[in-house]
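Please read these notes with the model open beside you. They go through the points a colleague might raise, one at a time.

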Amino acid sequence: MTALIIDKVASSSDIYWDIRQRLIFAHYVPGSKLKPEELRLAYGCAASTVREVLFRLSCDKLIDFEEHKGFRVPQASEQMCNEAIEIRIMIECEGASLSIAKGGLEWEAKLTAAHHKLAHVEGKFSDAQNDRDLFDIWCKCEWEFHETLVSGCGSTLLREQHRDIYDLHRIHMIGLSGGTGFRQDNIAEHRAIIEAAIERDVSVCREKIANHLHKYG
């Protein structure tokens, strides 16, 4: 394993977000063991720092922990994936509705920019789904689009909950798909969501979000 953090001594927060990103980018095999000693060497940190990070990830339900068995990447669960979808739909629809009501031109501009970048990457990725680097870029752009969609809601707590359920959903969804989780229909579905949001049509936007996410069950 090569850590992403190479230019400085990694803090526990750096390591936490790096491992969390690797989980949602499918860098780990579902069910595989996360070995503290290997992680300690990879990040050049103390063993206590690694264990602190792993316990935090387990508390967030992003990895599994069993006494005497250690930490593991979750086995993909259809039930967990479906539960996460329903909760994500509730949070994302509410966040988008609030953003439509409260977000101004700056929010529209950010959402338009995020979608433009995502659409560009999706167009390339649809023809090169075995490209690991392009997959990582698509994951980042996909998150940025959905996060920007709710970013005008005015609630820090809603955005934090959205991030947590987004990551949980993606870990199980990608594990179940056995691939990238990318579908060709993503392009049209994301376009339909942003069109409704920019038109300030709350009911259609909520419908398009729900339709999009239900297809990941």
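1. Helices (H or I, at least four residues) and strands (E, at least two) are DSSP runs, numbered from the N terminus. This is a predicted model, in which local features need pLDDT of at least 70 and side-chain atom pairs count only at pLDDT 80 or more, while totals for chains, interfaces and linings use all residues. Residues are numbered from 1 along each chain as its sequence is written, and side-chain values use heavy atoms, with hydrogens and water left out.

2. Begin with two backbone angles. Most residues other than glycine have a negative phi. His68 is not a glycine, yet its phi is positive, near 75°. His68 is found in the loop between strand 2 and strand 3 (70-72). Is His68 buried or exposed? Buried means under 20% relative accessible area, exposed means over 50%, and partly exposed is in between (1.4 Å probe, protein chains only). His68 has 81% relative accessibility, so the residue counts as exposed.

3. Ala26 also has a positive phi without being a glycine, here about 60°. The loop that holds Ala26 runs between helix 1 and strand 1 (33-34). With a relative accessibility of 26%, Ala26 counts as partly exposed.

4. Next come the aromatic rings. Rings of Phe, Tyr and Trp (its six-membered ring) pair if their centres lie within 6.5 Å; planes under 30 degrees apart count as stacked, over 60 as edge-to-face and the rest as tilted. The count by this rule is eight aromatic pairs. In one of them, the ring centres of Phe55 and Phe65 are 5.0 Å apart and the planes are at 65°, so this pair is edge-to-face. Phe55 belongs to helix 3 (residues 47-59) and Phe65 to strand 2 (residues 64-66), so the pair links distant parts of the chain, 10 residues apart. Phe55 is partly exposed, at 33% relative accessible area, and Phe65 is partly exposed at 30%. Ring pairs also join Phe55 and Phe65 with Phe71 in a cluster.

5. Another pair is formed by Phe125 and Trp138. Their ring centres are 5.6 Å apart and their planes are at 20°, so the pair is stacked. Phe125 is in helix 5 (residues 105-125) and Trp138 in helix 6 (residues 132-150), so parts 13 residues apart in sequence are tied together. Phe125 is buried, at 0% relative accessibility, and Trp138 is buried at 0% as well.

6. Two arginines sit over rings. The rule asks for NZ of Lys or CZ of Arg within 6 Å of the ring centre and within 35 degrees of the ring normal. The charged end of Arg56 is 3.6 Å from the centre of the Tyr16 ring and sits over that ring. Arg163 lies over the face of Trp143, 4.4 Å from the ring centre.

7. Side chains of opposite charge can pair when their charged atoms come close. A salt bridge is counted when a side-chain nitrogen of Lys or Arg is within 4 Å of a carboxyl oxygen of Asp or Glu. How many salt bridges does the structure hold? There are 17. Among them is the one between Glu66 and Lys69, at 3.8 Å from N to O. Glu66 is partly exposed, at 46% relative accessibility.

8. Lys117 and Glu144 form a salt bridge whose closest N and O atoms are 2.9 Å apart. Lys117 is in helix 5 and Glu144 in helix 6, so parts 27 residues apart in sequence are tied together. Lys117 is partly exposed at 37%, and Glu144 is partly exposed at 30%.

9. Glu189 and Arg183 form a salt bridge with closest N and O atoms 2.7 Å apart. Glu189 counts as buried, at 10% relative accessibility. Salt bridges with shared partners also join Arg20, Arg163, Asp164 and Asp167 into one network.

10. The last point is helix 7 (residues 156-177), which has 22 residues. From first C-alpha to last, helix 7 reaches 31 Å, close to the expected 32 Å; the expected span is 1.5 Å times one less than the number of residues. The buried residues of helix 7 include Leu158, His162, Tyr166 and Met173. Among the elements covering the buried residues of helix 7 are helix 1 (12-24), helix 4 (78-102) and helix 6, where contact means heavy atoms within 4.5 Å. Gly178 follows helix 7 and has a positive phi, near 70°.
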